[in-house]
Amino acid sequence: EPFIPKIIEVNYIEGSGDKRWSSRDFSWTKELEVNNKKVFGNHSFRPNQREVINATMSGCDVFVLMPTGGGKSLTYQLPALINPGITLVISPLVSLIQDQIMHLLQANIPAAYLSANLEWAEQQEILRELNSDYCKYKLLYVTPEKVARSDVLLRQLESLHGRELLSRIVIDEAHCVSQWGHDFRPDYQGLGVLKQKFPNTPVLALTATATASVKEDVVQALGLVNCVVFRQSFNRPNLWYSVVPKTKKCLEDIDKFIRENHFDECGIIYCLSRMDCEKVAEKLQECGHKCAFYHGSMDPDQRAHVQRQWSKDEINIICATVAFGMGINKPDVRFVIHHSLPKSVEGYHQECGRAGRDGQRSSCVLYYSYSDYIRVKHMLSVGAVEQSNMTSGYSRFNATNSGRLLETNTENLLRMVSYCENDVDCRRLIQLVHFGEKFDSSNCHKTCDNCVKITSFVEKDVTEIAKQLVELVKLTGQKVSASHILEVYRGSLSQMVKKHRHETVRLHGAGKHLAKGEASRILHHLVVEDFIAEVVKKSDFYGSVSSVLKVNEQKVRNMLFGGQRIILRFPSSVKASKPGKCDSISAKGSLASAKLNLPIDIPDQPETEIDLDLS
Ligand code: ADP
Ligand code: MG
Ligand code: ZN
């Protein structure tokens, strides 16, 4: 009988800014502060750490959105130390787990992990300890595969729980639950079983990926009914963002960029395919850089070797697929270069986030070409078929779902394309809006290419266009996505769009005269300013998530009838060669050839581990 999760009503409680959680009057406050200093060597708490700890120690289920490097581990390691019993931590990779355990043992905190790569005798030893009355471990790490596939582990947890020794359940990298995130792992979906079996044990879910759809999916899958949410700004002021047109000379450009800005410094170059990694690495070696490649078809020893060399600064540059990165904690990464288009804005943000952990200025450069968009799109369709085969055992993710997954992935990719083709808005603003965060682009202080480029603005009245977009959202019954609206508005004839054509015929193609990015800028502006809401919801029984636009009647009334104008800023001097545009046009000319010349190459997934049962 397949497990079909019910859609639950979730009661989110906003934790950030709630004074209750920053109080220093909890019974554990003193102990917290002492141990933070003594055991972890920290002088103070970072933003939200104290608050998260207080909420989880009060017994609430807590969902934490904190950027990479923000200090999420402390929010469960410190409570684990203070609370009696043991904290269960689910973490996606054995390499991540080993790294954490090493640090814990160095701080004299007893911790262990269970995974199939341990010797049988070692596993038995750990299980024996877990069964003893005075179990010494404060933290037990496991991979999600273990929870999903090991009855021995579940029975062990029941036994701990029965003896009141299961103090907390932590889901690290919780976005892996969501197939709409950039790092989906099927076994994370089975973690809902924990809340079912142990409804009164507090759950703490941690992630650095923050879109509303991912959050909703995670909370649903884990079954967190009343959950306190903490989030903080995802802006990284020390990262400098730019998008550069990708030409045939791309590798020369990269060589030059590194030579001029980051010579002999440490960096990552993200490539789309395994073949690309090897080619880019070879070329840069020829140019005299200390460089190696890293991807999913290397054997684990080789990969570990490369990663170690890079960590010890024996090589500076690693050319990698997205398989490289999770849990990388090197503070002095000075640049992250994207040799081709990332698959989503979340993924991009996270990959860039590996630069500048030490707070020092670092560069994030993305080389964009329209033909890469075609390549990625092709890979996604191959990937969707593979993934539906791989996960066909899960009812939430069957073959009929794979079409929808492809649709979502394509939508994520289109957002990334629109990010690249936008040569007006602050890069920070676009990224942060995507995470539902408001950002004033004057706070960028010219640390992105668009803010640097645009020295003066002209203000344009776009009210009439805004009215048409609002009208279109209504005509399509307030049940379609932003990209759908834009397609209709620009006069696309694709299948989905044709379906709605009779209702929308008056406005179909009304925005044809606008430059490609313009309509989408205006629509996004309407969303940011609350004229239109982007609602994320579970769309069906299987729990798939979609986002649709709805008109905020109250706000819109002023614009439609009250004479309110919508003014947007545009660069006053439109340069002769707009990088994004020029490139996309030339690339379109060779679209046919791009399709024919697709390399037969396998898209790389983030590292996954399949664990066998303990028994
Ligand atoms: P995340 O999981 O959010 O990416 P980590 O928990 O790995 O981040 O922490 C990143 C780094 O920050 C670690 O080196 C950790 O020791 C350090 N750190 C965490 N909290 C503090 C603090 N309160 N003061 C100083 N350093 C801290
Ligand atoms: Mg972490
Ligand atoms: Zn900017």
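**Exercise 1.** Show why helices H19 and H20 are roughly perpendicular to each other.

*Solution.* The structure is a predicted model, in which local features need pLDDT of at least 70, side-chain atom pairs count only at pLDDT 80 or more, and totals for chains, interfaces and linings use all residues. Residues are numbered from 1 along each chain as its sequence is written, while chains are lettered from A and ligands numbered from 1 in the order in which they are written.

Step 1: helices are DSSP runs (H or I, at least four residues; strands are E, at least two), numbered from the N terminus, and H20 covers residues 482-489. Step 2: the axes of H19 and H20 lie 10 Å apart at an angle of about 115°, where axes are lines fitted to C-alpha atoms over the stretch in contact and angles run from 0 to 180 degrees between N-to-C directions. Step 3: angles under 35 degrees count as roughly parallel, over 145 as roughly antiparallel, 65 to 115 as roughly perpendicular and the rest as oblique, so H19 and H20 are roughly perpendicular.

Step 4: the residues that meet are Leu469, Leu472 and Val473 in H19 and Ile485, Val488 and Tyr489 in H20, a contact being C-beta atoms, placed from the backbone, within 7 Å. By class, this contact has 6 nonpolar, no polar and no charged residues (Ala, Val, Leu, Ile, Met, Phe, Trp, Tyr, Cys and Pro count as nonpolar, Asp, Glu, Lys and Arg as charged, and the others, Gly among them, as polar).

**Exercise 2.** Describe how H19 packs with helix H24.

*Solution.* Step 1: H19 (residues 463-475) and H24 (residues 553-560) have axes 11 Å apart and an angle of about 140°, and they are therefore oblique to each other. Step 2: Thr463, Ala466, Lys467 and Val470 of H19 make the contact with Val556, Met559 and Leu560 of H24. Step 3: these divide into 5 nonpolar, 1 polar and 1 charged residues.

**Exercise 3.** Which residues of the largest nonpolar core touch the most other members?

*Solution.* Step 1: a nonpolar core is a set of buried Ala, Val, Leu, Ile, Met, Phe, Trp, Tyr and Cys residues joined through C-beta atoms within 7 Å, and buried requires 20 or more other C-beta atoms within 10 Å of a residue's own (exposed, 12 or fewer; partly exposed, in between), with C-beta atoms placed from the backbone. Step 2: among the 64 residues of this core, the answer is Val62, Leu88, Ala205 and Leu222. Step 3: helix H10 (residues 212-222) gives the most to this core, with 5 residues.

Definitions and conventions:
Contact = placed C-beta atoms within 7 Å.
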